[in-house]
Structure formats: C-alpha cells, structure tokens
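The entries are kept in the order in which I went through them.

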Amino acid sequence: MLIIEQSKIISFRGEEIIMKSNKYRINLTVNGVNYEKYVDVGETLANTLRLELGLTGVKVSCDRGDCGACTVIMNGKAVKSCIIPAVKADGANIMTIEGLSTPDALHPLQEEFINEAAVQCGYCTPGMILAAKALLDENKNPTEAEVREAIGGNICRCTGYVKPVKAILNAAKRLNDEQGAC
Amino acid sequence: MKQSNVKEYFKPTNLKEALSLLNSYDKNIAILAGGTDLFTDDHSDIDAFLDIDLLGLDYIKIENNYIRIGSNTTFANILHNNEIYTNHGALWDASICLADKSVRNMATIGGNICSSVPSGDSIPPLFALSAIFIIETINGEKKVRPEEFFLGPRKNILKKGEILKEILLPRFDGLFGSAFTKIERGSVDLATANIAVFVRLDNEKISESAIALGAVAPTVVRASKLENALIGIVPNESKLSDIVELVEESISPISDIRSTATYRRKISNIIAKRTIISAYNRAIKNNIF
C-alpha cells in the first residue's frame, strides 16, 4: 500500500529540488465506480472524496465530527467522513449523495425533502439524507424516534428538523408501498 | 490536512505483529481504532498510526462467567447485543448516550477507554460492573481493574508497546440491576456529569452496590461512602434524600466550559438518587425492563 512519491520541483534559482512524500495507495468503490488513489496518511476521507474524486456533494463544515455535513455511507453504515483517515477507507464501498439518484430520477428521500420544503440553505442536506438512507436500509419502517436518532448527528441551523423528519417518514412509506424499490 | 505531521500508517494482521511494531518503532506511533477522537484534531506530535482493524478485536463473546468484548468493538455493535441490553444495562444506557449514531458506527469501547477523558460515557459503567481490562504486551498479558487503569485526564497506565485487547464483564446471577444517567447541555454533548450504578439485592434490600461518577473528578471515581450507606436498605426517594449527600465526599468537580463546580456538585446528588432507583427497579423486576 505504501508508495513513496518523489516530486521534482524547480526552485526560483533554477535548482532541482526533490521532495519525497509518503503516499499510500487506496482502492475504493464510490457510487459503484472503482477508484485507485494515492493519499497522505493525515488526509481525511471527506477531502479525498471532494478533491480527488470531485464529489463536492460531500460537505465539510465543522471538520471535527460534530455537525454531520460530511456524512457518507461506508460499507452500509452512516459515518462522518471528515474524521475518517482516507487510508482507513481502503477497500471500502462508499455512497455519497451523488450516488443516490439515478440519471433518470431522484431517490424518494430527495423528492420528499423537496416536497416537504425540508431544504433551506441545503448545507446539511446531503449528509442528513444519507444518514436517513442508511437508516432505511437497515430499518424499513422506523418510528419518528428512530428517525430522529438516525439524524441525531446532523446539525441543521435552518429547519428545526420538523420537515426533514416528515420527509424521511414519507420516503419510508413510499419505499414500502413500492415494495422494496430502493 | 487533518494531521499535519503523521507520515506512516501500519495495518498489521495479527497481535504479535502489532506489538512488535509498537515496541520497535522509534518515533511516536499512535494506536488507531475508530479514529473518532484521535482523528478529530491535529496531533502534530504523532509520526505514525497503527490501525487495529485487522487484529480481530471486534467481538462480543458470551461465556459462562464473563462477557468478553474486544477492544475494537464499536458502540453500534454493543447496542445490538441482547445480553448487554438485558444484563448490563448501565453499559447499554451509556452507549446510546454516547455521541450520535454515525459516530457510534466507528467509535470503539477501547478507544473510549484509552482516550481516558474523565467524561467518557462508557467508563463509569465499566467501574460499576466490575470490568477487567486485558492489556496485551510483548511480555504477556496484564489484567487491570478500571480503578487502577485511569490516572488523570487523558492519562492511563498504558505504556509504549502495550495495547488494550479485551474487556471482561462478569456475568451476575440472583437479583441485580444497573443503570446509567448522563447530564449534558444539549442533545449531543460530552457529559457535564454522568453516573453508573450497580446493585445486588438480598430479597428487597440492597446487599451490594457500586457507584461510579464521571466528569466530576480527574478520573471516574467510586462513591464508596454512599455505596456503604446503601447496604441493607430498601431505597426510596426519602431514604435516599438523606444519604446521597455522601456522594460529594468522593468527587472534586471543576468549573469549565460545560458547567460550574457548584452545579456539578448539586447534580451529582440528584443523579445518584435517580440512578440508584433505576438500578434497583431493574433488579427487582429481575431484569425484565
């Protein structure tokens, strides 16, 4: 997994300077696509998804695991990507908000967030929707308390959580009515 | 970059390899479990991580006399365990209060213990439930009680080259119950004060108790005077009101960003009373919640 990269730069005096940095190769599947990337040990999964893979639907807000804007689904579980070392995600299967819809349609969760006006500034939304998706994947019929627990790590400054919770419960009902179409 | 200095990352596949690395690495190497504490802020003194994910320490094994919990077991997995839910209520209660669901998918009990933050929610239950910590070293295994393990805020007895491997929880019989209460400012926060209580009953009376408080002293502390005062009594609101004051002799709270020493002192009385009653009720119902 360890690759030592040597990058060459030319200083302003025309000298060649070789810089070495330890990068580690990771392989991960994101939204169904396989990637091979070289990352620093100190780098977060969030930044890697955003900057290396261009998936800017992953938001970084508090950058210390408190607000949940960075929430993605990793190996089936909702996790906070800003406090996960990218190297730790080697071999992982990840879903970001970009992977939730198909080219033809939004996911019912996304549609219900729109229908219920559960999106205001939208910054918490990708993370909150993914936390809800992870919940519905393990529990098709959550109670309101279970929904609130699932999004308990997603801070929203705009909505007061009422409409997001309603949207999630609506989406659950729709998905059940559609007989497991996810 | 979240960690400004760390350059190397190791992910050994067995404990022997891990211990060898920990002992031989010449710079500062930190053990990485879930990373939910270690990876939140920059630690510029750390040169390498040793990831314990592949050491097979993510398990909950039920044996005759003990439950064995691997140190790399996430709180999500602890919450899914029926034995812990039924018979180790204090640990279960603490786990559901800890952080939030997403964090619990990564956070481990070993990490919570080894971070040794005085407000760590899993810690008072481990005191109250008479847990034993199994530490693996290159020279063999050490068994340590929680009372011996914690030395101060973010300080414990683990030395370089040692790794917390497993937590043992004794399995109890007869009438027993445990409970946990957390006082926090908002909905998701570190504890302002927390408490775990374990009681064993002889008929209706308390025959044995263990009471541990967190966030009110440099480490989690046992409220020994209060524990002794409970022996032989059938607890109720008024009887407890007379004696819970004894809890104050075991604690030394400070004022900080979360609360004041005065509030912490007062609330310790209240949560002692509440949690003793909860633990007692669980014991009386013979663990049917």
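The entries below begin with conventions and then turn to helices and cysteines.

**Conventions.** I am working from a predicted model, in which local features need pLDDT of at least 70 and side-chain atom pairs count only at pLDDT 80 or more, while totals for chains, interfaces and linings use all residues. Residues are numbered from 1 along each chain as its sequence is written, chains are lettered from A and ligands numbered from 1 in the order in which they are written, and side-chain values use heavy atoms, with hydrogens and water left out.

**Entry 1, α3(A) and α5(A).** I looked up how helix α3 (residues 125-138) of chain A packs on helix α5 (residues 162-177) of chain A, and found an angle of about 40 degrees with the axes 11 Å apart. Helices here are DSSP runs of H or I with at least four residues, numbered from the N terminus; axes are lines fitted to C-alpha atoms over the stretch in contact, and angles run from 0 to 180 degrees between N-to-C directions. The pair α3(A) and α5(A) is therefore oblique, the class left over once angles under 35 degrees (roughly parallel), over 145 (roughly antiparallel) and 65 to 115 (roughly perpendicular) are set aside. In the contact (heavy atoms within 4.5 Å), A:Met128, A:Ala132 and A:Leu136 of α3(A) meet A:Pro164, A:Ile168, A:Ala172 and A:Leu175 of α5(A).

From α2(A), A:Leu109, A:Gln110 and A:Phe113 take part, and among their partners in α3(A) are A:Met128, A:Ala132 and A:Leu136. The residues of the contact of α2(A) with α3(A) divide into six nonpolar, two polar and one charged.

Which residues of helix α1 (residues 45-52) of chain A are buried (under 20% relative accessible area)? I listed A:Leu45, A:Ala46, A:Asn47, A:Thr48 and A:Leu49. Just after α1(A), A:Gly54 takes a positive phi of about 70 degrees.

A:Cys121 is in no disulfide, the nearest cysteine sulfur being that of A:Cys158, 3.7 Å away. A:Cys121 is exposed (over 50%), with a relative accessible area of 57%, whereas B:Cys114 is partly exposed (in between) at 27%.

Key. Helices (H or I, at least four residues) and strands (E, at least two) are DSSP runs, numbered from the N terminus. A disulfide is a pair of cysteine sulfur atoms within 2.5 Å. Buried means under 20% relative accessible area, exposed over 50%, partly exposed in between (1.4 Å probe, protein chains only). Ala, Val, Leu, Ile, Met, Phe, Trp, Tyr, Cys and Pro count as nonpolar, Asp, Glu, Lys and Arg as charged, and the others, Gly among them, as polar.
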